[in-house]
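Morning, everyone. I'll keep this short. Please have a look at the model on the screen.

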Amino acid sequence: MGWTSTSISKLKNLWEKGLSTSEIGVKLGLSKNAIVGKAHRLGLKSRASATKKIKRKIQKPVRKEILATPEKLQTVSPADISEKKVTPPASKKKKNGKIISILDLKPDMCRWPMGDPRSEDFSFCGEKTFGKKPYCLKHCSEAYTVSNSKEKEKQHDDSQDKSE
């Protein structure tokens, strides 16, 4: 579409009213970029962008420095920290006196992690896996649990089957 004298006069009029370039574009059936380009070529008085106006209105939050004073600090002993810290059970599983690492695992060995992965004695269970699961029977019973709602549904279904 070429710019006609009518569309140029509409552009100038809407520009003077303070409409945004997007709003002018909608009214004239053109893109925002077409409006910006024509306004620039016509030498229309530039205006602050909407984003700049918004940025000026928003005040940056005042940063308050919080100074740690001895009165504000709560003393915590190392014993308190270790009591609150949840640590997995220590790894005591060894096969032939050796800790089982990820490199030692075979396809039929339980992959249940034992201990803290950051410690030197971290290991894997290593017992024979149960079926096609990655864990032994003991660890399958821990890993694969039925939630209470599913368990109740199963019990409800079983009781209905018996009543029929």
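Let's start with helix α2, residues 21–28, where T21, I24, G25 and L28 are buried. They share one side of α2, because they span an arc of only 100° around its axis. The spacing fits the general rule. An α-helix has 3.6 residues a turn, so residues three or four places apart point the same way.

Before I go on, a caution: this is a predicted model.

What covers the buried residues of α2? Among others, α1, residues 5–17, and α3, residues 32–42. On the face away from the buried side of α2 you find V26 and K27, and they are exposed. Then α2 ends. G29 follows α2, and the phi of G29 is positive, near 75°.

Next, charges. Side chains of opposite charge can pair when their charged atoms come close. How many salt bridges does the structure hold? One. The partners are D116 and R118, with their closest N and O atoms 3.3 Å apart. That counts because the cut-off is 4 Å. And how accessible are the partners? D116 has 21% relative accessibility, so it is partly exposed. R118 has a relative accessible area of 71%, so R118 is exposed.

Last stop, a loop. I102 sits between β2, residues 98–99, and β3, residues 113–114. Is I102 buried or exposed? Exposed, with a relative accessible area of 56%. Along the chain, I102 and P113 are eleven residues apart. Their C-alpha atoms are separated by 9.5 Å.

That's my tour. Over to you.

Definitions and conventions. Residues numbered from 1 in each chain as written. Predicted model: local features only at pLDDT ≥ 70, side-chain atom pairs only at ≥ 80, totals over all residues. Heavy atoms only, no water. Salt bridge = Lys/Arg side-chain N within 4 Å of Asp/Glu carboxyl O. Buried < 20%, exposed > 50% of the residue type's maximum accessible area, 1.4 Å probe, protein only. Helix = DSSP H or I, 4+ residues; strand = E, 2+ residues; numbered from the N terminus. Arc of directions from axis to C-beta. Contact = heavy atoms within 4.5 Å.
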